[in-house]
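The sequence and structure come next, followed by a short walk through them.

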Amino acid sequence: MILKKISLSCQTLVRFCHSNVKWKDRVFSGIQPTGTLHLGNYFGAVSKWVQLQNENREVIFSIVDMHSITLPYNTKELEKNVLLMAASLIACGIDPEKSTLFLQSQVPEHTQLSWVLGCLTTMPRLGQLPQFKEKSSTLKDVPLGLYLYPVLQAADILLYKATKVPVGEDQIQHLQLAHSLARTFNKRFGDTFPVPEVLIQQNCSSRIRNLRDPMKKMSKSHPDPRGRIEITDEPDVIVEKVKKAVTDCTSKITYDPENRPGVSTLLTMHSLICGLLPEEICEENSLLDTGRYKHIVAEALVEKFTPIRQEILKLIDSPEYLSKILQEGQQKANLIASNTWQEVASKIGTIPSN
């Protein structure tokens with residue numbers, strides 16, 4: 001998989017602040033514990049994390065549970081989902097020996113830095129962000145946490161002085177806020193934070209659509225669970241979901257995301273698993289109709305995710321082990337977070353400088 005560097009302003013190249021500081025290369029990314037990972041999560045984020053980890057970079061990954069409480073939630077479900085997410089990430093290839101994996105709420109400096117950064121931005125700036133507009137449009141009473149969500153996200157990144165952040169395209173404008181806050185803080189208080197490069201995966205993972213509603217992307221928010229393939233789905237469930245996937249009246253297999261989103265999603269998933277371009281897969285299966293091709297896609301998905309599913313189930317039965325992994329990750333994260341907060345607190349005047 002190829003990672004593409006883009007800027008948040010022109011979407012071509014990220015430039016660092018004018019600074020003489022040489023920042024240590026460090027990757028940070030976070031994921032909410034909102035249930036089982038689906039294929040969009042896996043190919044759009046987690047597989048990228050594993051790649052970065054295996055490049056021997058310093059990588060820090062957080063299960064961002066504080067972001068999960070911005071809207072009403074079930075406390076028991078959240079506790080369960082934290083362990084499920086930890087198990088899922090490890091089963092997908094995140095190695096606690098190579099990466100720092102921890103729970104956001106266990107490092108209090110996240111919220112401390114979030115308050116400081118919140119004092120450097122404005123209400124109109126936060127109100128412009130598209131995700132806030134989208135989620136708040138259906139709410140009568142908008143929680144303040146939903147409004148401040150991007151500030152906490154910026155704090156997550158800047159707290160670890162991350163130089164690279166792998167994100168989905170839907171998070172680009174939130175990262176733009178993190179860039180702005182880093183520059184504002186540095187200008188006012190001196191060089192403290194790098195402005196991180198944004199890493200976007202240059203493959204077709206963003207084109208994984210809902211199997212039942214191919215005009216929409218695969219997501220957990222869609223009411224029909226048959227539209228998404230979860231990495232813990234049993235083999236017969238995967239086969240049935242692929243079999244029932246909406247395509248169109250044309251039996252020939254062609255890759256045309258705009259005009260044929262249904263069959264193109266099948267090709268996208270197959271491409272991401274086997275490593276071939278969708279066009280190459282079309283050529284290899286030119287004699288098949290979509291019905292027979294669905295069986296090939298289902299078999300590839302079952303082969304790919306059955307071992308991952310089995311490992312998740314094994315890890316879920318060892319909650320003490322998962323808690324130990326997160327605790328060890330917290331200790332590693334604390335070392336960086338504490339040092340950054342001490343530096344910030346000294347510069348803003350809340351503790352005396354030496």
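In this predicted model, a search of the whole structure finds 16 salt bridges. One of them joins the side chains of E58 and K24, with 3.2 Å from N to O. This pair links distant parts of the chain, 34 residues apart: E58 lies in the loop between α1 (39-54) and β3 (59-63), and K24 in the loop between β1 (3-6) and β2 (27-31). E58 counts as partly exposed because its relative accessibility is 25%, while K24, at 54%, is exposed.

Another salt bridge connects R309 with E234, where the closest N and O atoms are 3.4 Å apart. Here too the pair links distant parts of the chain, 75 residues apart, with R309 in helix α11 (residues 290-316) and E234 in the loop between β6 (197-201) and α8 (235-243). R309 is buried, with a relative accessible area of 16%, whereas E234 is partly exposed at 41%.

D248 and R260 also meet through their side chains, in a salt bridge of 2.8 Å from N to O. Both residues lie in the loop between α8 and α9 (261-274), so the pair ties together parts that are 12 residues apart in sequence.

E280 belongs to helix α10 (residues 278-284), and because its relative accessibility is 37%, E280 counts as partly exposed.

How values were computed: Residues numbered from 1 in each chain as written. Predicted model: local features only at pLDDT ≥ 70, side-chain atom pairs only at ≥ 80, totals over all residues. Heavy atoms only, no water. Helix = DSSP H or I, 4+ residues; strand = E, 2+ residues; numbered from the N terminus. Buried < 20%, exposed > 50% of the residue type's maximum accessible area, 1.4 Å probe, protein only. Salt bridge = Lys/Arg side-chain N within 4 Å of Asp/Glu carboxyl O.
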